[in-house]
Amino acid sequence: MDKTIDTIVLSVVIPCYNEKETIETILDAVRNCGVKNTEIIVVDDCSTDGTRDLLRGPLRGKIDRLIFHKANQGKGAALSRGFQAATGDVVVVQDADLEYDPKDFVRLLDPFVNGRRDADVVYGSRYARGEKYMIKRFYHTAGNKFLTFLSNVFTDLGLTDMETCYKMFRREVIQSIAIEEKRFGFEPEITAKIAKKDKRYRIYEIPISYYPRSYNEGKKIGVRDGIRAIYCILKYNLFH
């Protein structure tokens with residue numbers, strides 16, 4: 001990819017469900033992330049808390065592509081729609097809450113634009129410690145690290161954070177992959193599919209900052225999703 005940080009176009013896909021308290025803040029943060037050319041794609045997964053009214057109204061001018069689901073389908077389904085709508089050189093996932101800092105996009109883009117410019121996929125790791133590191137809850141961290149370990153056993157990757165939101169892809173890579181999981185099973189599914197030896201994708205991992213929110217603040221992933229993740233690790237590595 002013969003691009004620089006000033007010429008590359010980054011498509012930011014934001015799956016959104018009931019995020020009226022944070023959606024404007026995250027849209028502004030993406031616009032001011034330090035990447036000159038950004039395409040913001042918001043996929044609202046049938047929000048019921050007033051988020052839709054904000055997106056259609058005062059926030060519409062902050063969004064390049066706005067997609068509405070008629071029924072709630074889950075994060076994976078929203079991402080699949082957003083990926084196919086992307087037109088940039090590189091595509092990244094951005095949650096609509098405030099746990100992840102879009103200023104990290106610049107460092108995540110580095111393997112795409114500097115040196116050999118050879119990256120196909122870049123993961124942002126919450127556990128490969130960088131400049132900022134907020135201490136996380138033990139059980140949540142242990143669960144994520146267990147899922148990452150189990151995923152690595154089957155993919156033969158050396159990731160430190162498979163469940164990270166910040167996954168960045170060359171557009172042609174992510175648009176070539178059929179996504180089957182509708183909810184949070186997207187994370188182990190996409191990791192299994194990019195790790196296939198016949199694909200030979202070049203995968204990097206970069207430390208990022210992370211500010212975890214509590215379930216009282218709207219965190220949605222739970223134990224059921226963790227069990228589903230184990231199922232998806234086995235399914236997409238052994239039977240696909």
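## Exercises on a predicted model

K20 is partly exposed, with a relative accessibility of 41% (buried is under 20% relative accessible area, exposed over 50%, partly exposed in between; 1.4 Å probe, protein chains only). This is a predicted model, in which local features need pLDDT of at least 70 and side-chain atom pairs count only at pLDDT 80 or more, while totals for chains, interfaces and linings use all residues. Residues are numbered from 1 along each chain as its sequence is written, and side-chain values use heavy atoms, leaving out hydrogens and water.

**Exercise 1.** State where K20 lies and which residues K20 touches, leaving out those up to four places away in sequence.

*Solution.* 
- Step 1: K20 sits in the loop between β1 (9-16) and α1 (23-31); helices (H or I, at least four residues) and strands (E, at least two) are DSSP runs, numbered from the N terminus.
- Step 2: Its contacts (heavy atoms within 4.5 Å) are D49, G50, T51 and L54.

**Exercise 2.** List the buried residues of helix α4 and the elements they pack against.

*Solution.* 
- Step 1: In α4 (residues 105-113), F105, L108, L109, P111, F112 and V113 are buried.
- Step 2: These buried residues pack against β1, α1, β4 (90-93), β5 (121-125), β6 (167-170) and β7 (203-207).

**Exercise 3.** How many residues of helix α7 are buried?

*Solution.* 
- Step 1: Helix α7 covers residues 186-194.
- Step 2: Nine of its nine residues are buried, among them F186, E189 and I194.
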